[in-house]
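The following exercises concern a predicted model. Please work through each task before reading its solution.

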Amino acid sequence: MTFDSLDAWWWPYLFIIVAGWMTTDGFRYLGVYFGGRISDQSEAMVFVRAIATAFVASVIGNLIVFPGGELADAPVALRIAAAAIGFAAFLAMRKSVLAGIVGAEIVLAGGLLLGF
């Protein structure tokens, strides 16, 4: 069974939903099952947190250095400044993710509107 198996308009949507569910939900259930039995201070949880943080950092770095779509039109200096100010807003607002995102978006959108 592949993405092109059926010639119905709904098949790609169903395929994406089922394939997405099958590949992620099993790991989510395992995470919930094992996560409840492991201490937050254990070496395993510290390792998992470090790996997850490294993945997020790599995605953010990839978006800044090698962006696609409309973000590719923004200068690298503006993208770096938006990320730095977003991080500063995150720290200044007691590690608020929303403040970090809003701060970075304001700098990025403002820079693009002003023609940087």
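**Exercise 1.** Is lysine 95 buried or exposed?

*Solution.* Begin with the location: lysine 95 belongs to the loop between H3 and H4. Next, take its relative accessibility, which is 58%. The cut-off for exposed is over 50%, so lysine 95 counts as exposed.

**Exercise 2.** Classify the aromatic pair formed by phenylalanine 87 and phenylalanine 90.

*Solution.* The whole structure holds five aromatic pairs. In the pair of phenylalanine 87 and phenylalanine 90, the centres are 6.2 Å apart and the planes make an angle of 25°. Planes under 30 degrees apart count as stacked, so this pair is stacked. Both residues lie in helix H3 (residues 76-92); because they are three residues apart there, about one helical turn separates them. Phenylalanine 90 is partly exposed, with 22% relative accessible area.

**Exercise 3.** Describe the setting of tyrosine 13.

*Solution.* Tyrosine 13 is located in helix H1 (residues 11-35). With a relative accessibility of 55%, tyrosine 13 counts as exposed. It is part of a nonpolar surface patch whose members, including Trp9, Trp10, Ile17 and Tyr29, together have about 1,200 Å² of accessible area.

Technical notes. Residues numbered from 1 in each chain as written. Predicted model: local features only at pLDDT ≥ 70, side-chain atom pairs only at ≥ 80, totals over all residues. Heavy atoms only, no water. Phe/Tyr/Trp six-rings, centres within 6.5 Å; stacked < 30°, edge-to-face > 60°. Helix = DSSP H or I, 4+ residues; strand = E, 2+ residues; numbered from the N terminus. Buried < 20%, exposed > 50% of the residue type's maximum accessible area, 1.4 Å probe, protein only. Patch = residues over 30% accessible without salt bridge, like charges linked within 9 Å, V, L, I, M, F, W, Y side chains within 5 Å. Areas by Shrake-Rupley, 256 points an atom, 1.4 Å probe, with all protein chains shown as cover. Salt bridge = Lys/Arg side-chain N within 4 Å of Asp/Glu carboxyl O.
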